[in-house]
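Please keep the sequence and the model in view while reading.

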Amino acid sequence: MKRVLLTILSCALFLVSSMAFAQDRTVSGKVTGTDDGLPLPQVNILIKGTTNGTFTDMDGNYSLTVPSGSTLIFRYLGYVTQEILVNSQTVVNVQLAPDATSLGEVVVTGVAVGTDKKNLGFGLSQVKNEQISAVPALDASNTLRGKVAGITIVQSQGDGGASVSLRGAKSVFGNISPLIIVDGILTQQNLSDINTDDIESIEVIKGAAASSLYGSLAAGGVIQIRTKRGAQGKEGIRIQYRGEYGISEVENVHPTASTHPFKILPNGDFDLTSGSRELTDDGTWNPYPSYNDNFGNLISKQPYYMNLVSVQNSLENYSFYMSAQHQTKGMISEVLDPEERLNVRMNFDIFPSEKFTAKISTSYQQNTLTPVSRGGQGTFFSDALLVEPFIDFTERDEDGDYAVFPTGFDVVNSNVANPLYQYENWEYDDTNERFVVGLDLRYQLTDNISFNVTQSIDKFNSYSKRYYPKGYKTATPNATLNNGNYSISNNRESYSVTSAQMNFNKKFGDFNVSATTKFLHEYNFEDGFNANGRELVTNGVYDLGALSQDNRNIGSYQRETVSKNAFLSTDVIWKDKLIFNGLVRRDGSSRFGEEERWQTFGRVSLAYRITQDYDLPIFDELKVRASYGSAGRRPTWRAQYETFSVSSSGISGSVLGNANLIPAVNKELEIGIDGEFLNRFDFQINYASSVVENDFIQRRLSAVTGYNTQFQNLGAVESTAFEFQMGAEVMNKSNFRWDANMTFDIIRSEITDLAGIPPFTNGYYRVETGEPVGTFYGNKLITSLDQLETDGSGNVINAWNADGIPLSEFSVNNLGYVVLTDDIGTPQETAFYFNDPDNRGAKLQTIIGDRNPDFKVGLSNTLTFFNNLQLYFLIDWKQGGDKYNATNQYLYFNTRAADQEEYARLGHHTNFSISANSLYNGNLPASHFIEDGTFVKIRELSMSYTFKNPVSFVEDVRLSLIGRNLLTFSNYGGFDPEGYDENFDFPLYRNYTVSLQIRF
Amino acid sequence: MKNFKLLLASMLIMILAFTSCEDLEVENLNEPDRARALSDPGDLISLMKSGTLDSYWGITTSWGTHFHLMADQITTTNKSRQFWDFAEEPRLRLQNDPNYGGLGALTSPWSNLNSAVVSSNAVLSYINDGNTFVDENDNDITKQMEAGALFAKGFAQGYLGVIFDKAYIVDFDSDLGNLELQPYTALIDEGIANMQAGLAAANAAPNFKYDLMVNVDMDITEFTKYANSMLARIASQEARTSAEAATLDWNQILTWANNGFTEDFYIETSPGNWFNSTIDWAGYVLNSGAGYLPTDLKVAHLADPVNIPQVYPATGVLDQADSPDARFEQYFTYTTDFGYLRPERNRGIFSNWYNSRFMTNNTMSEAGDQNPQFLLAEIQMLKAEANMRLGNNVAAAAAINNSPRTSVGGLDPVLPTDDLTYILHYEYSIELDLAAGSTTQWAFMRRNDLLQEGTPFMFPIPATELEATGLELYSFGGIGQEGGAVGNGWKN
């Protein structure tokens, strides 16, 4: 009975409730924003669990028939989504709060007009000012580390800018640089030129699927920097000062030997009775008669300092931002002058009316550089490492100069020069400056149509002088320098871009349609001259006319490039959830061959914002997208022209012309997912597959043609990239906040076609179909007995110079190399190379390594305590990727490598490492010098404290301790595992500074 | 919607209109192209001068040192440019590979000599079309240009035949796409024919002047001697072995030699344009006092066979040679410093001497430096060898005695019954060291079976050329291998 009653009651309740649910009512109201109280049009209102909904009108009003008890979801771009349960109300007014995580998400790269990030059909990574300011990078490319997946930033020289590339190789020779745009201005700058304190945000689009908008400029992707413009929603003039002072030092020194392998007399001097130094018979290494740490004396900690002032203001009708920064960068050595850089920027925006906007961006930069030679023997760092410690570079000769032939020089008999002498006696002046101006005018004709006109100029000028006085001493007689030498060169380049653009935008029912057409005209002009000569008539005269007439050389050049481009881009957005974009671009350039002046590029993309239709449990935003696009790379200036080389002795054929030269084209398919969940996490996953065709190869011709080479479109490369990046507000409590960013990528490339020309070698790297781009090619050592092949009688046949030796006589020594067992520990012990079966008497040349990493991970964390104390660190992990240590190889030849001392301790004679057919291999590429470049680096670490309002007119003061390039964990034995090969290069700096920032 | 379509259409039309304007023609103003360079006779003269220069460079570039290493005129254990591979004993096979660091020894003559042919053909083609050349006074110099072009072409083809086993014969009307490689004998025949045609054209030219080479200005008499000397030299260098040498027309060679130079022929350096770079490298002295590429022990041994061995001793330093020949100490400088020679590589090829005869200020590249191109002594040796091979030892000995061997060296006169081949080798090694172009000693030794066993006695076509034309790679040299000299050579 009870049960029956219960059943009836529950049924009744159910009926009543369902009737209540089933009771539709009309709900209406107004939606406004909490930031300004103004109505929000086009707000999406969805009945939860259904696909029914509506949009607010221009005044923020809506009206919807809603079953009672439904939950309404109010969703609007840039605002935090709200859910409101509707029971019996008929009027529901909603105030939506601006969404902090997606404020300022209007992006301008890869799209015709500013577009909300949520409406992009391709992947775009963005790095904002707050993420940069914790450790203002000395090289702006470092701001992208750990924040953008799929980017490869390689700093292989301590004093140079890093090279930046996106995703996989776009050429059989390697990857290419992205296009750099600053505030909409197409520029020839490098990221390292830009003052990071000026940066408001950086947008990166990584492949042709996105960069198609830029046509033949952007096969390498695009990086756009947007600098501060003063419009920050706060009124009143804001002034900022920041100063940084600290020390730079060498992060890591290449290990060298502190003993030597030569015979000595009982008193410790070298035994020279046979006319020259001889190796010890048993391979012992002996201490030097005296010891000077020449490298240590040359390299020392040097100061770094920087001062910066900026002023900005934003008012009703205009805003501006101005900054000036000066940096002095010590060059880790007493003898090298510090480098200086000056950056000045002025941005001025005027908006006299709602319809009209004018933006002016100007910047000026000046650099003073110190030339330091590197990259092989006979350079600053090779001299510093090769010199043996019993020689003292600080010794003075009878003229009072640093000794070019210090005591002991004749014993060594190598041509190591004394860098102290060079920098005390030669003079140099390397300066460059760049001036960039851009004007951007925008006019809104009607609600639907607007026009945009821009004009920019990028002017660059560089100047270089070198002076060697009369009587300049050199280690080997050098007629070019010994009687004085003076050279001057000057180069300038100007790049001017004009564009006109028309935008159309209109809503047709559920379709939001926009179209843009734009025309661009580019003009690039470069010219330069150089003049040099030797034999100064007298010293101290800096006049090219004072050089001996017979020994003067002069040269000059000029180059022009004209390009015209146009594109038409259309976006169609259906119900704010399905986004389509189509783009066609036509590029004409004087750099393309005469018969092929015009080329076409394009893109198609589709994106679907899942969360507009479905209410997913944790996802605030989830979008899937696919994009397919093409972009190109222009040939170098010379490539199409037929040239004869001209000199005073006549003319002769050089490069055969190619009227059919076309740009290399990159076609890329990119699919990806963008999402935000739990209102605290945002992520992006991309998979990109790209094909490059018609890569330029300067092909060698037969000598009978009268020309040496011709540029031809011959190469094809395929690459894929998988990228994952995530930003997280891990914890956000009242006194503690933890933000983290992580990036992960796997990039692979392969050469797929060489149009029938045979594989060739480009430096250390092999260009061969079926192989990845960037494989090392050279002679390979045999490391296990299974690698040996024998003939019928058990004699080895595939080891070089070991014909007819029975397999039984070989074994693996304690260094992991196959040797003849009887020779171990004797001067005859040698490692064995694979033999080339097709070329009798030659060692096999084969692929011995691959410079591409298996994957890369970047991790950055910001911990904020009590809103004042902030700790930040950036970790960089590269797994895999070989590096060729040519520095070590040449150290072997000169018995200066720490390895060799180790080998002696392990019982091997010096010949094992230095013989031209053993490890050293006559300085030819060899497998022993391929090393694993895996590393984990603590790139950046900073701790800062902000004092808020310490005095009335000061907004805040921030004191930071900053460390850059702090620690490297790696098994790599050379200077640094970053980069693909090293050959006495400039070591990387570690840098500690204190920074003080005051904002008024 | 209609308005939108209209707008879209007009945008498209604008784009099409914009993109069809074509002023993307930008010229390269830095370097001329074929149309410019080959249409103007002035430019063609310029091209021919460059082509003539190429033919001279063919045997005087810095890569000429490799021939001297093979001929045991100089020695080293330095692996820069793979020098050591060419000097090492026992001899190694040549590595004809596109990546080989020593490939310049092949590509340098190959590209310079073929380039000379291309330039000559451009001029001959222009003349064949009925065009004329005039000098600055409007005199017709067409015949003179034709002579210069034919001579440079023949010179280059001759040397291609001397150095390589095969090469192309290219005329101005050849179909470049269908060229066949010709054996060296054909190259030398063609080269000789063209040099003779050049000489004939020179004789037919009014007021002939040979001034296509920098710092050279010859009239018809001087040019005739020059041409005859080159004909004698190149023809004598055809043979790869002594068996082959016996088949050469030594009568003809003797005739050419008899009409050759009557005094030493030097060319003055033109800074920035040309100097003898082989000598510049081979004669370079390090600050320690040692030669960068020391004179081979063979030369000292020939000068003093009593005290100087054929192989450098394993310990100790050799004393200065005690030679009856006064030229030895004049031309070569002694030093106890071993320079860049490394004992752990091969002490047996060490040396204590370097050639100091021609260099001033440790270079040949300065204005005023005199580069020996063809010494009178070489004419005398060619006459001597020709006579010897024709059975006329008396005349041969007389020719040798008429050379600096007696007048400068102070040695006793040679008798017809002496080992004339040995004495000729002596003279080529000491008197003509570095003074006869890069191939002369190597060619002399190979046609007299004096090269060490395994020395490559000719070069294959360079690997880079083989690759560019899709041919298979091949090589020469090495003991018991194709293209390698047989027998102990001069160490017998």
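Angles under 35 degrees count as roughly parallel, those over 145 as roughly antiparallel, those of 65 to 115 as roughly perpendicular, and the rest as oblique. Axes are lines fitted to C-alpha atoms, for helices over the stretch in contact, and angles run from 0 to 180 degrees between N-to-C directions. The model is a predicted one, in which local features need pLDDT of at least 70 and side-chain atom pairs count only at pLDDT 80 or more, while totals for chains, interfaces and linings use all residues. Residues are numbered from 1 along each chain as its sequence is written, and chains are lettered from A and ligands numbered from 1 in the order in which they are written.

In chain B, the axes of helix α9 (residues 220–236) and helix α11 (residues 250–258) come within 7 Å and cross at roughly 150 degrees. Helices (H or I, at least four residues) and strands (E, at least two) are DSSP runs, numbered from the N terminus. α9(B) and α11(B) are therefore roughly antiparallel to each other. From α9(B), Asn228(B), Leu231(B), Ala232(B), Ala235(B) and Ser236(B) meet Gln252(B), Ile253(B), Trp256(B) and Ala257(B) of α11(B); residues are in contact if their C-beta atoms, placed from the backbone, lie within 7 Å.

Chain A contains an open sheet of four strands in the order β3-β2-β5-β6, with antiparallel pairing. Two strands pair if DSSP finds at least two bridges between them. The edge strands, each pairing on one side only, are β3 (53–55) and β6 (82–85) of chain A. On average, neighbouring strands of this sheet are turned by 20 degrees against each other, direction ignored. Within the sheet, β2 (residues 44–47) and β5 (residues 71–75) of chain A pair in the antiparallel sense over four bridges. Ile45(A) has Phe74(A) in β5(A) as its bridge partner.

The two chains also meet: 68 residues of chain A are in contact with 79 residues of chain B. On the side of chain A that touches chain B, β28(A) gives the most, with nine residues. The residues of that side divide into 26 nonpolar, 31 polar and 11 charged. Here Ala, Val, Leu, Ile, Met, Phe, Trp, Tyr, Cys and Pro count as nonpolar, Asp, Glu, Lys and Arg as charged, and the others, Gly among them, as polar.
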